[in-house]
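Here are my notes on the model you sent over. Please read them with the structure open beside you.

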Amino acid sequence: MNTHDIFRHLGIDTSVLRTGDVWVDSPIDGTRLAQLAPDTADIVDTKIALASRAFDTWRRVPAPRRGELIRRFGLLLREHKPVLGALITLECGKIIAEGEGEVQEMIDICDFAVGLSRQLYGRTIASERPLHALRETWHPLGPVGIISAFNFPMAVWSWNAALALVCGDSIIWKPSIKAPLCALACQHLLERAASDMDDVPPGLSCVLIGNNDTGSLLVDDPRVPLISATGSCTMGRQVGPRVAQRFGRTILELGGNNAIIVAPSADLELALQAITFGAVGTAGQRCTSTRRVFLHQQVRDEVLARLKKAWTGLVIGDPREPDTLIGPLIDRQAFESMTLALQAARAQGAAITGGERVLSDLYPQAWYARPAIVEGTDSLRNSLEETFAPILYCFEYTDLDEAIERHNAVPQGLSSAIFTRDLLEAEHFLSAVGSDCGIANVNVGTSGAEIGGAFGGEKETGGGRESGSDAWRGYMRRSTATINFSTQLPLAQGVNFGT
Ligand code: UN1
């Protein structure tokens with residue numbers, strides 16, 4: 001299936017694929033998929049104005065009715081799951097199972113949001129005054145700006161979009177310039193879901209096509225009270241202060257430098273599977289990808305030997321082929337970053353297996369790489385950085401406290417895991433003196449989080465939480481109300497004002 005087939009199947013006018021000079025190329029083989037027209041500053045302004053108007057209508061629609069829009073959207077996602085998965089594969093290079101898995105993640109969050117639309121609970125609080133009530137109500141916030149990365153070109157938007165919409169917000173999506181077609185497809189299906197409902201205002205959801213300058217217009221716009229941005233720490237370092245400058249809110253979901261600790265009692269078979277999926281799945285391009293492992297000295301040699309053996313058998317190639325496990329990197333720049341990181345590690349004395357470009361004869365315009373295993377000492381400086389590629393830094397440890405300290409000694413704090421059958425070790429890892437990440441797992445790898453939990457991390461990962469649990473509160477504003485149903489006016493704290 002090519003892009004035209006996919007768009008036709010979804011009922012999207014294919015003329016949109018040839019409108020301008022934003023080139024979209026497939027990472028699979030460099031084929032040009034589309035040339036889109038970027039949104040000018042005027043168009044961005046118009047879309048934000050429309051989203052503001054839509055918000056004014058949408059916040060009046062009862063929340064369960066807002067959930068109905070998401071229910072219908074979820075049905076369309078189910079209907080078109082294979083085709084949407086194929087589009088993710090074509091535009092981002094994910095293997096079929098991961099492309100479809102991403103669509104499943106969207107379906108899951110839609111289900112979650114439909115239920116949520118009847119559970120936007122506030123609290124009632126005991127008032128210190130007689131015949132007074134104190135309560136908290138959650139209200140819609142406003143238009144929400146969503147900035148997403150190429151690696152989860154649909155799901156990350158859907159976590160934000162599904163919650164924001166049931167919370168009564170309108171949404172403005174600036175997808176990665178590397179994955180705009182996925183955005184157009186989702187936007188179209190959402191419009192289809194809305195088309196039979198008479199209470200969905202026009203402009204409730206829109207997509208902005210363009211580069212960072214387009215993103216900046218959204219980030220700096222005071223009509224947008226919340227920017228939810230997923231991407232690199234570099235991006236977050238720009239977006240965060242700019243939104244703060246205008247007292248806007250952010251949800252930042254930035255880089256990770258996720259590690260797995262493999263303890264002596266670990267089920268090594270499980271650990272090997274988790275490390276492999278975490279490190280090479282999505283060609284190492286998840287923010288939750290496993291980038292480091294700490295292997296206890298009793299198991300180190302065995303784990304390394306088995307990893308190396310298993311990784312020689314991994315099929316790298318066209319992600320549309322059912323046997324492929326590792327597709328391409330997103331572009332040349334991604335491969336160059338990988339090469340630079342490996343060169344730096346080698347210069348610091350690390351031993352490296354893999355990491356070279358493959359299939360360049362077959363796909364001269366694409367960037368396939370053999371995943372790399374780096375055996376290093378603790379002092380490998382570049383293991384402190386996130387390189388968005390399949391590189392696994394392997395370290396040895398003897399004492400769990402020491403391993404946790406080294407585990408936490410990176411600027412990022414997204415996802416983490418320990419493989420152990422020792423209850424004391426597991427609980428220690430999960431405790432206040434254990435992993436410092438937003439996600440901490442036991443006998444489960446670092447990537448592939450379910451939508452039911454809050455997703456996000458600490459430190460340079462940005463501190464934001466998206467998806468499940470009570471992340472929805474980030475998309476609403478809290479109103480605290482005190483109600484006096486007495487005939488007196490007692491002041492708080494027992495203040496007597498003498499009148
Ligand atoms: C991301 O890489 O930006 O936990 C998100 C996971 C996915 C989400 C990753 N559910 O790997």
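1. A word on contacts: two residues are in contact if their C-beta atoms, placed from the backbone, lie within 7 Å. With that in hand, E253 is in contact with T230, C287, G456, G462, G464 and E466, leaving aside its neighbours within four places in sequence. The model is a predicted one, in which local features need pLDDT of at least 70 and side-chain atom pairs count only at pLDDT 80 or more, while totals for chains, interfaces and linings use all residues. Residues are numbered from 1 along each chain as its sequence is written.

2. The unreviewed UniProt entry puts its "active site" annotation on E253; UniProt positions are given in the numbering used here, feature names are shortened, and annotations may be inferred rather than shown by experiment. E253 sits in strand β9 (residues 249-253). Helices (H or I, at least four residues) and strands (E, at least two) are DSSP runs, numbered from the N terminus. Is E253 buried or exposed? E253 counts as buried because it has 31 C-beta neighbours inside 10 Å. The scale is this: a residue is buried if 20 or more other C-beta atoms lie within 10 Å of its own, exposed if 12 or fewer, and partly exposed in between, with C-beta atoms placed from the backbone.

3. Next, the domains. The protein is divided into domain 1 (3-224 + 464-480) and domain 2 (258-437), with bounds that come from an automatic or database domain assignment. Their C-alpha centres lie 32 Å apart. Where they meet, 14 residues of domain 1 are in contact with 18 residues of domain 2. On the domain 1 side, α4 (81-92) and α5 (96-116) are the elements that give two or more residues. That side divides into six nonpolar, four polar and four charged residues. Here Ala, Val, Leu, Ile, Met, Phe, Trp, Tyr, Cys and Pro count as nonpolar, Asp, Glu, Lys and Arg as charged, and the others, Gly among them, as polar.

4. Which residues are around the ligand? They are E105, N151, F152, V156, T230, R286, C287, T288, S447, G448 and A449, where near means that the C-beta atom, placed from the backbone, lies within 6 Å of the molecule. By class, this shell has four nonpolar, five polar and two charged residues. Domain 1 and domain 2 each give at least three residues to the shell.

5. G231 is placed in the loop between β8 (226-230) and α9 (233-245). G231 counts as buried because 23 C-beta neighbours lie inside 10 Å. Not counting residues up to four places away in sequence, G231 touches I147, A149, G236 and L254. S176 is 55 residues from G231 in sequence, yet the two are 9.2 Å apart in space, C-alpha to C-alpha.

6. On to the strands, which pair if DSSP finds at least two bridges between them. An open sheet of three strands has the order β3-β4-β23, with antiparallel pairing. Its edge strands are β3 (124-125) and β23 (476-484), each pairing on one side only. Strand β4 (residues 132-140) is joined to β23 by nine bridges, and H132 stands opposite N484 in β23.

7. Parallel pairs occur as well. Strand β5 (residues 144-147) pairs with strand β6 (residues 171-174) in the parallel sense over four bridges, with V144 opposite I171. V144 and I146 point one way from β5, G145 and I147 point the other way, and all are buried. Strand β10 (residues 258-262) and β11 also pair in the parallel sense, over five bridges, and V262 has L295 of β11 as its bridge partner. In β11 (residues 290-296), seven of its seven residues are buried.

8. Lastly, L33 lies in strand β2 (residues 32-36). L33 counts as buried because it has 20 C-beta neighbours inside 10 Å. Among the residues that L33 touches, not counting those up to four places away in sequence, are V24, L90 and L181.
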